Amino acid sequence: MAESDGEVAGYACFGATPTTDGTQDLYWIAVDPAAQGAGIGRRLLGAVEDALRGEGARLLLVETASKPSYAGTRAFYDACGYELVARVPDFYAPGDDKVIYARRLG
Ligand SMILES: CC(C)(COP(=O)(O)OP(=O)(O)OC[C@H]1O[C@@H](n2cnc3c(N)ncnc32)[C@H](O)[C@@H]1OP(=O)(O)O)[C@@H](O)C(=O)NCCC(=O)NCCS
């Protein structure tokens, strides 16, 4: 959770991926629209990565959509050092793929 002036400004949640050795999924990350673009998302994601490294995690995966309205989200993961590693065509809807980004934590 990220706070600004005592108010919630954003949050992230994550968990271990069953049957893997040290892989984690980022289930969701969100920053208050009024607070976006100020570095809160990058700091939240960095805090998640630091917490996971402390637990011995190896790989962090995140899924998102390929549709144009998610271009900013994909740019965020690019800017934070994530690599696009897989794509499931037409997953969410025709023409809207699931894209999977990854970052090695080691
Ligand atoms: C994605 C999200 C969490 C980013 O949080 P944020 O606090 O706005 O991001 P930051 O200000 O920390 O930006 C970090 C980097 O990502 C880049 N970035 C963030 N949003 C961007 C956008 N819309 N377009 C292009 N680049 C963007 C920034 O340029 C920045 O790069 P820099 O540090 O090199 O300048 C936020 O926009 C959000 O909550 N979006 C809606 C929910 C969502 O899509 N969640 C993910 C679901 S998979």
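To start with, which residue forms a salt bridge with Glu63?

Reply: Keep in mind that this is a predicted model. The partner of Glu63 is Lys98, with the closest N and O atoms 3.5 Å apart. Glu63 sits in strand β4 (residues 59-65) and Lys98 in strand β6, so this pair ties together parts that are 35 residues apart in sequence. As for accessibility, Glu63 is partly exposed at 42%, while Lys98 is buried, with a relative accessible area of 12%.

The count of salt bridges comes to four, and another one of them also involves strand β6. There, Glu49 pairs with Arg103, and the closest N and O atoms are 3.2 Å apart. Glu49 belongs to helix α1 and Arg103 to strand β6 (residues 96-104), so here the parts tied together are 54 residues apart in sequence. Glu49 is buried, at a relative accessible area of 5%, whereas Arg103 is partly exposed at 27%.

Staying with helix α1, which spans residues 40-54, you'll find a salt bridge between the side chains of Arg53 and Asp50, at 3.1 Å from N to O. These two are three residues apart in the helix, so about one helical turn separates them. Arg53 is partly exposed, with a relative accessible area of 33%, and Asp50 is exposed at 52%.

As for the general idea, side chains of opposite charge can pair when their charged atoms come close.

Note on methods. Residues are numbered from 1 along each chain as its sequence is written. This is a predicted model: local features need pLDDT of at least 70, side-chain atom pairs count only at pLDDT 80 or more; totals for chains, interfaces and linings use all residues. Side-chain values use heavy atoms; hydrogens and water are left out. Helices (H or I, at least four residues) and strands (E, at least two) are DSSP runs, numbered from the N terminus. Buried means under 20% relative accessible area, exposed over 50%, partly exposed in between (1.4 Å probe, protein chains only).
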